[in-house]
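Subject: Structure handover

Hi,

Here is the structure I promised to pass on to you. Please have a look at it first, and then read my notes below.

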Amino acid sequence: MCRGEPTGQCKTWAADVVATAKQDLEAGEKLDGEGGFMVYGKLMPAETSLAIEGLPVGLAHGLVLKREVKKDQGLSWQDVEFSEQVQAVAVRREMEAVFRSEFEIEDKRRPTR
C-alpha cells in the first residue's frame with residue numbers, strides 16, 4: 001500500500017491481452033498458449049477486444065482451431081473450439097457479458113430484434 005491506497009487497483013476492465021498468431025495457423029491445430037510457438041499476446045483496449053470477441057492469451061492453451069488464422073491476426077472465440085463448462089472460460093464469458101452491456105456492444109451470440 002502507498003499513501004493508504006492499494007496499488008494496482010482497477011476501477012473497471014480497461015485492457016485485454018488477445019491471443020495473436022505468430023505464424024499462419026491451420027484449422028485443427030491445438031494452440032500452445034502463452035509462451036509457446038503459436039501465439040503471442042497483443043494488448044488492446046477492453047472495448048476493442050469485446051468488439052472483435054478477442055480470445056484472451058491466458059485461455060488459449062490447448063484450444064483447437066476451427067479455421068485458419070493468418071500471421072499477426074488476433075484470434076477470437078469464433079476461431080476455436082471451447083467449452084463453457086470450463087470454469088475459467090465460464091467466468092470470462094460472464095465478465096464479457098457484463099461489460100458488453102456497459103460498453104454498449106452488441107452480443108454477436110444472440111440474435112438482434
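Let me start with a question: is Trp13 buried or exposed? Trp13 is buried, as its relative accessible area is 11% (buried means under 20% relative accessible area, exposed over 50% and partly exposed in between, with a 1.4 Å probe and protein chains only).

Before the rest, a word on the basis. This is a predicted model, where local features need pLDDT of at least 70 and side-chain atom pairs count only at pLDDT 80 or more, while totals for chains, interfaces and linings use all residues. Residues are numbered from 1 along each chain as its sequence is written, and side-chain values use heavy atoms, with hydrogens and water left out.

**Overall picture**

The chain has two helices and four strands, in the order β-β-α-β-β-α along the sequence (helices are DSSP runs of H or I with at least four residues, strands are runs of E with at least two, and both are numbered from the N terminus). Of the 113 residues in the chain, 35% are buried. Among contacts with a separation of 6 or more, 60% are between residues 24 or more positions apart (contact means heavy atoms within 4.5 Å). The accessible surface of the chain is about 7,300 Å², and carbon and sulfur atoms hold 52% of that (Shrake-Rupley method, 1.4 Å probe; for residues, only the protein chains shown count as cover).

**Aromatic rings**

There are three aromatic pairs in the structure (rings of Phe, Tyr and Trp, the last by its six-membered ring, pair if their centres lie within 6.5 Å; planes under 30 degrees apart are stacked, over 60 edge-to-face, and the rest tilted). Trp13 and Phe99 make an edge-to-face pair, with 5.5 Å centre to centre and 70° between the planes. That pair links distant parts of the chain: Trp13 sits in the segment before strand S1 (15-21) and Phe99 in helix H2 (residues 87-103), 86 residues apart. Phe99 is buried too, at a relative accessible area of 14%. Phe99 also pairs with Phe103 in a tilted arrangement, 5.8 Å centre to centre and 35° between the planes. These two are about one helical turn apart, because four residues separate them in helix H2. Trp13, Phe99 and Phe103 form one aromatic cluster.

**Leu59**

Leu59 lies in the loop between helix H1 (46-51) and strand S3 (64-65). Its relative accessibility is 23%, so Leu59 counts as partly exposed. Leaving out residues up to four places away in sequence, Leu59 touches Trp77, Ala88, Val89 and Arg92. Gly33 is 26 residues from Leu59 in sequence, yet their C-alpha atoms are 7.3 Å apart in space.

Best wishes
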